[in-house]
Amino acid sequence: MGERVRLKVLPGTPETSDASTLFGLVLHDEFDAQWIAALDDVMLARLADLLQGTLLGTIEPALPTDRMSPWQSTLMEAITFCTSQIRATGFSPELRLRMSATAREAGPFHALAANLETLHEAWRISPAEHTKERQVALQHYLAQLDACHFAAASVYSHLDAHGISVNLV
């Protein structure tokens with residue numbers, strides 16, 4: 001309750017290194033999602049260039065083509081954190097014991113780490129170019145995420161048959 005009161009009464013501060021907190025402070029209204037979705041391809045390309053540090057006249061010196069930009073490094077770190085959270089959730093007894101036998105035997109949460117490492121390596125090798133290897137690694141990673149989603153969704157049939165777990169929900 002104290003946290004809710006603090007958030008209502010005190011203004012938010014942008015002094016944070018947590019991107020999710022910062023985006024929550026900046027983009028917190030439904031209208032924000034609408035105007036972002038309405039951005040045209042040219043503007044999205046310019047934003048991508050900005051985030052990759054490839055725009056002319058950027059404050060930072062151009063990075064060698066074999067080094068990731070600060071934005072790319074931050075993005076890869078965020079993906080690593082999210083993947084770790086997904087794996088931890090998938091390995092939790094509450095979820096794992098309620099998964100279907102097929103989903104449990106497939107072990108999608110086990111393979112997720114290897115797919116992430118392959119994606120990281122493909123990105124490190126060529127951060128400035130969209131290579132086929134990087135695209136393949138990304139597709140494998142996304143397919144593994146889908147497999148994890150399918151495995152986690154298999155829990156619903158167990159909950160329907162045996163009742164709902166408040167801790168799991």
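## Nonpolar core

In this predicted model, the largest nonpolar core contains 16 residues. Met99, Phe109, Leu119, Tyr141, Ala151 and Val155 have the most contacts inside this core. Three helices, α8 (108–125), α9 (132–153) and α10 (155–162), each contribute at least two residues to the core. The largest share, six residues, is supplied by α8. In soluble globular proteins, nonpolar side chains tend to be buried together.

Leu119 is one of the core residues with the most contacts. With neighbours within four places in sequence left aside, the contacts of Leu119 are Met76, Arg134, Ala137, Leu138 and Tyr141. Of these partners, Tyr141 is also listed among the core residues with the most contacts.

## Packing of α5 against α8

Helix α5 covers residues 70–91, and its axis comes within 9 Å of the axis of α8. The two axes cross at roughly 170°. An angle over 145 degrees counts as roughly antiparallel, and α5 and α8 are therefore roughly antiparallel to each other.

On the α5 side, the residues in contact are Gln72, Met76, Ile79, Thr80, Thr83, Ile86, Arg87, Gly90 and Phe91. They meet Phe109, His110, Leu112, Ala113, Leu116, Leu119, His120 and Trp123 of α8. By class, this contact comprises 10 nonpolar residues, six polar residues and one charged residue. Both Phe109 and Leu119 take part in the contact with α5, and both are among the core residues with the most contacts.

## Gln144 in α9

Gln144 is located in helix α9. Its relative accessibility is 15%; the limit for a buried residue is under 20%, so Gln144 counts as buried.

Leaving out neighbours within four places in sequence, Gln144 is in contact with Pro108, Ala111, Leu112 and Asn115. Leu112 also belongs to the set of α8 residues that meet α5. Between Gln144 and Ala114, the C-alpha to C-alpha distance is 9.9 Å, at a sequence separation of 30 residues.

## Whole chain

The chain has 10 helices and zero strands. In sequence order, the pattern is α-α-α-α-α-α-α-α-α-α. Among contacts with a separation of 6 or more, 54% join residues 24 or more positions apart.

Of the 169 residues in the chain, 20% are buried. The accessible surface of the chain is about 12,700 Å². Carbon and sulfur atoms account for 62% of this surface.

Technical notes
Residues numbered from 1 in each chain as written. Predicted model: local features only at pLDDT ≥ 70, side-chain atom pairs only at ≥ 80, totals over all residues. Heavy atoms only, no water. Core = buried A, V, L, I, M, F, W, Y, C linked by side-chain atoms within 4.5 Å. Buried < 20%, exposed > 50% of the residue type's maximum accessible area, 1.4 Å probe, protein only. Helix = DSSP H or I, 4+ residues; strand = E, 2+ residues; numbered from the N terminus. Contact = heavy atoms within 4.5 Å. Axes fitted to C-alpha atoms, helices over the stretch in contact; angles between N-to-C directions. Parallel < 35°, antiparallel > 145°, perpendicular 65-115°, else oblique. Nonpolar A, V, L, I, M, F, W, Y, C, P; charged D, E, K, R; others polar. Areas by Shrake-Rupley, 256 points an atom, 1.4 Å probe, with all protein chains shown as cover.
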